[in-house]
Every structure is written in structure tokens, then in C-alpha cells.
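Here is a walk through the contacts in this structure, moving from the chain interface to single side chains. Have the sequence and the 3D view open as you read.

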Amino acid sequence: MIGQIVTHCILIIFGLIFILPLVTMVSTALKPDVQIFAWPPVWIPNPRMWSNFPRALTFVPMILYAKNTVVITATSVIGVVLSSPLVAYGLARIDWPERNLLFLLIVSTMMVPYQVTMIPVYLLFNSLGWINTYLPLIVPSFFGNAFFIFLLRQFFMTIPRELSDAARIDGCSEFGIYSRIILPLAKPSLAVVALFQFIWAWNDFLGPLIYLKDQTKYTISLGLQQFQSGYQTEWALLMAAATMATFPIIILFFFTQRTFIQGITLTGIKG
Amino acid sequence: MQLRKRVLTLCVLALVVALCQGAVLAQEPVTITLWHGWTGAWTQVINDIVEMFEASHPHIKVKPLVVPYDERDTKLMAAIAAGDPPDIIYTMGNIVSYAARDAIVPLDKLMTPDELQVYKDYQYPLYQANEYKGHIWSFHGFVDAFALYYNKNHFREVGLDPDAPPTDIATLDAYAEKLTTMNAAGQIDRAGFLPDDLWHWADVFGGSWLDGDKITAAHPGNIAAAEWFASYSRKYDVRKIVAFDSSLATERAQALDPFISEKFSMQRMGQWKILDIDRYAPEDFDYGVVPLPAPPGGRKNSMIVPSGYGLIPKNAKHPEAALEYLLYWVGKGHEEDRAKIFTLGGWFPLSDEVTKEPIYQDYIQRYPHFQVFSDLLRKTDPTGFATPVELFYIDRINNARDRIRLLQGDPKAILERVNSEVTAELDKLNK
């Protein structure tokens, strides 16, 4: 009993530490400018400046940026969900020469930092004429993602071979096995892939920064940067906009929490 | 006959069509892209100025794009590598590092020597701030000037003549002592004056940070200024100064100046503060502006100008049109528009010609304190600060300033260390 109380206390303390940045964000979003840097910090602002939210939306055209972000995010989520399991299936469930070597190669691309490949990849997209379009942000997701391929491959390996064999005996084609047997079993891990991709695409800053050259095509993460200029930062507005930008991810997480955690435990990947 | 007539008519028609096409082609405007970091309400001000420019330059269209200020280099370098950079990018300071990386085009390559001379004369002597390795890399479209603001009510309160502000350092120090007040706890309640920016004050003291390409952080004038900074920390007790500094946090959070909230009687500030005071100060707020006081042997009308303003990246598609936009801000031939730009955002023009415009004069009448800065720009012999290690150097100077103010060592030794650090950084680049 006492042990349980102690465990709960420790968990609560850690929980509070992790929720602190979120609380600070929401609290700053509601503060009048005078209270932002006040010491000791004001946790519950008075008066509460609800007007910061509509002001943030007009300071920078955030609604337009949100629409653009939704388009990019939704399409790239569809992309990874279509492509990554297909590649992972090939690597996990079909025997062919040197497939492990290829898998190693795919996984090793995860070690290369984005900054290193940024300029060559930019040049590639430039020669395709894709600069200032959403294509460089969307199309790559239709060609698989090393991390998701790795994640799904590990999961597919755990599914008993007998299931495939049984289907094969009944005359099922390879693609039929993939789409009718394996994919339905992999729903939780597919949800993880979709969610991860959603969060990455939603928060992506560098990609939209270098590829987009038209303000009407900007995304939320670029919009958030516009609250900071060389001269000053509109802290309250920035935090109000950040709160609004984080909201969809939090909501999504609450609804998909169970699938998400199930998917992570199934694939044996934590964090 | 009939045939000849027909042929002739056809020829004439063809000629007319060709001419019309030529005319249409000549009128087809080029579009230049402009990357800048003015966000929020400032974005609209820039858009308004772009509209003014397009009205007077029908052959050029400008497409402004707000690029997050801190990340503009990443975007620019990717775009330059792909051969698809903007035509203009704005940056404050540090242009020499772009020049050293071969990322920008010198403006003198886009102008004839005669044209160049005209603009140099027009902006004399401030164009020097953008001169490096024999090239002009940009023309300042505007400049920030600094002077001493003083609160006349505080002067009256302690029996000083509000019309006789300090003009030399000894008087400034004496007045500062008189104007400083302490509260019951023995802490500084109001500071008469505190030295702030070592980079600029060293110039006032006759110092120098650069001699050509050479770093001269330990110049005797710089050391004299640093000693002066330390003297304030000794006179008023460094702990009290630190406590006073942190008590100003509230003012800063309100984006208000401690001068406006009467925490300072005298302060070194830029010309834009005139507008802030007009907006935020109470009715009875009475103040004056004078050029920075200088010690004997120092520089009167001192002005130290960072390199900067608009740059034309290498491989820009329309460098000539981009140059026209940059020169528009200089104001030659567009004096009235340039005077208007001044009233839109407080961007000080550099030329005397613009100051003669009625719009400019009306504005100065409305805010007479601008006259001090206008005179300063006319009289100054500005110090440029163009080095490939500009940002690093400034950062080291500010760090040294903090240590000197906290009395964490001998000012001379601290500046000598800055000298060796920055020289090493420069050597690393030159290798």
C-alpha cells in the first residue's frame, strides 16, 4: 500500500515535470505582455487575454498555413502507409538473395543527418522543377521511409509463417496474403506509422523552409517562426499560436492512445 | 501595280506588328524576388513600400517573401547551391562573411564607374561601411544613429540647467552622479547614466576595432573606454548595478524603455526612440537629445556602422532590377518617395537631398529631436565595421563588456584576450 503511494508520488512528480512546458505555453498565451517575464512567474494570468488567440491568427495568416499543413500532412501520411508496409513485407516475408544486405542499407540511411543530404536533394528536386511546390514534401513518403520499414519489418517477422502457408495452400497470391492476412493483423503498427508521420510532417520546419518560396504556401511551423523577427518576439502571440498548432496533435493522441501504445509494444520499440 | 501595293501594305503591316511586339516585349515587367525578415505589422509596411517602388518603376515587379530571420542562411545557401537564389536578401550586419563565401555579387560590377561615383558622393561618407576588399557590397538604404537622450525634468529637480546637457565625458560623469538617486534600502532607484555598449563607446573614446583587416581590440582608445566602464562599476558598487539591471526586467517585458519609465536620467539610444517616447511617455515628459559626449582626443559625432542592408546573391536572375530596388531606398532621383519611407518606418535616409523634401521637413517639425540625428549624419565621419568575423567579434566584445562591468579582471587584459580570440578565428577563415 505504502509502496503504491510512493510509486504514484514519483510518477506524479515526473508527470508534472513533463507537463510544465505545456502549462507554461498555455499560460503565456493568456498573459498580458507585462506578466510574461515577471518574477516570480505568474502561473494563472490575470486578466486572461483571450484576445491573444484571434490576434495571433491575424498577425500571421495562421488559418491559411493550417490548411496547407493539413494538405501536406494528410497526403504524406497516406504515402507512408501505402509504401512502407509493402517494402517491409518484401524484406520480412519473402526470401530472396541479399535481402538482409539491402535491409541493412535501408536502415543505414537513417544514420545520415538531414543536413548532409539537404543540398544534394534540393538540387535533385530543383532539376525536376519541383521547388515551390508541395511535391518534395509529399512524394518521398510514397517511396517508403527507412524508420517505418524497419519498424514494420520487425513486426511482420513476428507473425507466424504458418498463416501465409495456409493461405498459399488455399490458392492465395502473394499480394493477397499481404493485403488480406498481414495488413489486417498489422493495423496497430500501421497506426503508429501514421501517427509518427503525422507528427513529423506537422512539425517539419526545414523542409517547408527551403522548398517553399511563396508565402501563401507556407506551413504552420514557418508561421510560428514569423512571430520572431530580428528585432523582437511577440511571446504571447507566439505561444497562443503554438497552443493552437499543438492542439490537433494532442487531440489525435488522446483518441489513438490505445492503438498507439499497443502498436509500440507489439513492435518491441519503445519511445 | 495592284500586287506591288499589296506587298507594300503587307510589309507595312508586318513592320507595325513587329514594332508593337517589340514595344510589348519592352514593357513586359521583370519580377524580382525579395527575401526579408520584417514580420507582423512590418510586413505590410514593406509591402506598401514595394507598391510605391512599382509605381515609379513600371518595368519591375517585386515579390516580397518573409523568411524566418534566424533561418534565412539555410534557405539562402540551398537556393544558391541550386542556382535559384532570390534577387535580394536583407540582412543586418555580417555581409563580409557572405562576400568571403562568394555568395553575393558586388554592386560595383553592376554599375559603371561613373554611376558608382555618383552614388558614393550621394551617400558620402557612409558608403564606406559596405566597402571590403576594394568592392562595394551594398548601399545602406537606411541607417541607425545614436545620441544621448536626457530627461529635462530630472535636470531641473537636481538644479542642473536643462538647456546645458553634457558635451564631454567628465561633465557626463559629474551629472550622472548628481542625477542618481538611492532608495531607503541603499539600492539604486534611478540611474543618472550607465555606459552600455562598449563597441560604440570605444569609437567615441577614439578607439578602433579594425585596422584594415587587422583586429585591434586592445587599441588604447578601446582600453580607455573599458576603464571608463569599470569606473562606473567601482563608483556605484557593481552589486547595486546588477540589482538595478534586474529590477528593469518589468520595463523590458513591456517592451518599454527604462528611459521612458524614468529609471534613467540619461541614456544612449537610437533615433527610433523618439517615436516610442511620443507614443508611450506621459504628457509632461520633457526630454532633450544631444550628440554623445566625448573625452578630449575622442570622436565627436561618433557613428559606427555595421555592414548590411540588401544584398544581391550570386546567380540572381535579375541583378540589374534588384540593384534598382536597392538604389530606390538610397533615394537618388526618388527623394520624395524616400522621404515618405522615412515617415513610414523611421528609416533614416543618408543623403542631404532627401532631407530637403517637404515631407521630411514636416516630419522633422513634428518630431524636432530628429534634427539632432539628421545633423549628426551630416557631420559624422563614420567608422565601418566590415570583417568576415563580424558576428563573432561583436559577441566577444559584448562578453568582454559584461566581464569588465562585473570587474572580473583588468580591462586591458580582457581586451587583449578578445584580440587573440578574434584574430585566431579570422586566421582560421583565411586558411
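## One salt bridge across the chains

Start with charge pairs between the two chains: chain A and chain B have one salt bridge between them. The partners are B:D84 and A:K213, with their closest N and O atoms 2.8 Å apart. Keep in mind that this is a predicted model. Polar contacts between chain A and chain B come to six residue pairs, both residues of each pair being at pLDDT 80 or more.

Which parts of chain A face chain B? Three helices of chain A, α5 (114–127), α11 (206–211) and α12 (220–225), each put at least two residues into the side that touches chain B. α5(A) gives the largest share of that side, with five residues. Sorted by class, the side of chain A that touches chain B has 16 nonpolar, seven polar and three charged residues.

## How much the chains share

Interface size is often quoted as the accessible area lost when the parts come together. For chain A and chain B, that buried area is about 2300 Å², and carbon and sulfur atoms give 63% of it. In residues, 26 from chain A are in contact with 27 from chain B.

Where the two domains of chain A touch, domain 1 brings 10 residues and domain 2 brings nine.

About 750 Å² is buried between domain 1 and domain 2 of chain A, with 78% of that on carbon and sulfur atoms. How many salt bridges run between these two domains of chain A? The count is zero.

## Salt bridges within chain B

Side chains of opposite charge can pair when their charged atoms come close. Over all chains, the structure holds 26 salt bridges. One of them links B:D102 and B:K314, whose closest N and O atoms are 3.0 Å apart. Why is this pair worth a look? B:D102 sits in the loop between α4 (95–100) and α5 (113–122) of chain B, while B:K314 sits in the loop between β14 (308–311) and α13 (319–330) of chain B, so the bridge ties together parts that are 212 residues apart in sequence. B:D102 is partly exposed at 46% relative accessibility, and B:K314 is partly exposed at 33%.

For a pairing within a helix, go to α19 (residues 411–430) of chain B, where B:K428 and B:E425 are three residues apart and thus separated by about one helical turn. They form a salt bridge with a closest N to O distance of 3.3 Å. Is B:K428 buried or exposed? B:K428 is exposed, with a relative accessible area of 59%, whereas B:E425 counts as partly exposed at 24%. Elsewhere in chain B, salt bridges with shared partners join B:D395, B:R396, B:R417 and B:E421 into one network. Within that group, the side chains of B:D395 and B:R396 meet in a salt bridge at 3.4 Å, N to O. B:D395 is partly exposed, at 41% relative accessible area.

## A closer look at B:D286

Last stop: B:D286, found in the loop between α12 (273–280) and β12 (287–290) of chain B. With a relative accessible area of 24%, B:D286 is partly exposed. What does B:D286 contact, leaving aside its neighbours within four places in sequence? The contacts are B:Y150, B:N151, B:K152, B:N153 and B:R156.

The C-alpha atoms of B:D286 and B:K152 are separated by 5.4 Å, though the residues are 134 apart along the chain. With B:R156, B:D286 makes a side-chain to side-chain polar contact at 2.9 Å.

Notes: Residues numbered from 1 in each chain as written. Chains lettered and ligands numbered in written order. Predicted model: local features only at pLDDT ≥ 70, side-chain atom pairs only at ≥ 80, totals over all residues. Heavy atoms only, no water. Contact = heavy atoms within 4.5 Å. Buried area = accessible area lost by both parts, 1.4 Å probe. Salt bridge = Lys/Arg side-chain N within 4 Å of Asp/Glu carboxyl O. Polar contact = N/O pair within 3.5 Å; in protein donor to acceptor, adjacent residues only side chain to side chain. Helix = DSSP H or I, 4+ residues; strand = E, 2+ residues; numbered from the N terminus. Nonpolar A, V, L, I, M, F, W, Y, C, P; charged D, E, K, R; others polar. Buried < 20%, exposed > 50% of the residue type's maximum accessible area, 1.4 Å probe, protein only.
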